[in-house]
Amino acid sequence: MDFQGLLVIDLNAVSLLASGGVIGALIASLIAWTREYYKTEHQFRLDVRRNRIEAFSKLSTDYLLLASALAEFHKWTSKDSKDKVKFYFICKFFFYYSKIAEDAGGFEFENRQSEDVMTSLVGGIFNVFKDFDYDVFSDMIDLVTSPDGKIIRYNKFKTKIDTSLFSDFVSKIIKNKNNYSELIKYSNWLEQIMLFEINTGFRLWYNEKPTIEVEEPLKKYLIENQYERYIHRLVLSDKGRIKKFFYTKGNYF
């Protein structure tokens with residue numbers, strides 16, 4: 001019997017088994033590392049989502065109150081003799097926006113572009129007041145703020161109104177057709193989108209999909225400001241999978 005040849009065969013077999021064992025161990029380690037990596041990443045994403053949901057939940061009341069202030073402002077825009085009421089609700093808007101900015105640094109929603117769009121619309125409202133000194137915003141906030149930091153009611157607000165500031169509001173905003181129409185436009189869009197995003201955030205709670213009517217001027221504004229993709233989100237919010245599948249750029253169902 002050729003023992004030398006048999007020894008070589010045995011050594012080759014051992015070598016192959018050893019190599020196979022190393023490769024197998026490496027593969028097993030790689031699989032284990034991959035599983036752990038994706039498990040950690042998945043947990044990280046869940047934590048981020050949970051934190052954003054918690055932030056949204058905490059701020060949702062202020063979002064609703066901000067939208068409510070704008071809605072009340074619109075209700076009185078058709079009444080020429082209610083300038084103090086209009087002033088009151090615009091002051092409330094600045095109060096709630098300031099509170100949101102201080103508490104969270106700005107808007108927090110599940111969609112990044114919605115935050116950008118709303119910040120842009122708020123910028124449009126601030127721009128309407130471009131002829132005012134910057135500290136006027138602090139003054140308007142103070143007018144509706146009680147000593148304990150809460151909103152005061154209109155009957156108390158009337159007694160606190162700064163005559164000079166209110167006079168400027170009437171002359172530079174209400175009686176200026178361009179500024180007044182801009183204020184109505186931006187505040188109306190902000191209110192609509194705010195309510196849409198709030199309802200989107202609570203869609204699982206209510207088991208309802210929010211809807212919004214996207215007017216042509218709003219579409220034009222979003223396109224001009226490079227938010228065309230956000231139009232898709234608004235228009236397709238309550239559409240089924242088939243319509244979403246066949247949706248094409250510029251074809252708004």
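In which helix is the place of Lys92? Lys92 lies in helix α2, where helices are DSSP runs of H or I of at least four residues, numbered from the N terminus. The model is predicted, so local features need pLDDT of at least 70 and side-chain atom pairs count only at pLDDT 80 or more, while totals for chains, interfaces and linings use all residues. Residues are numbered from 1 along each chain as its sequence is written, and side-chain values use heavy atoms, leaving out hydrogens and water.

The protein has 11 helices and 0 strands. Of its 253 residues, 36% count as buried, a term that means under 20% relative accessible area, whereas exposed means over 50% and partly exposed lies in between (1.4 Å probe, protein chains only).

Not counting residues up to four places away in sequence, Lys92 touches Ala69, Val144 and Ile151, a contact being heavy atoms within 4.5 Å.

Attention now turns to two loops. Lys82 belongs to the loop between α1 (3–76) and α2 (83–104), and Lys82 is partly exposed, with a relative accessible area of 34%.

Gln226 is found in the loop between α9 (216–224) and α10 (228–235). Gln226 counts as exposed, at 70% relative accessibility. Its phi is near 65°, a positive value in a residue other than glycine. Most residues other than glycine have a negative phi.
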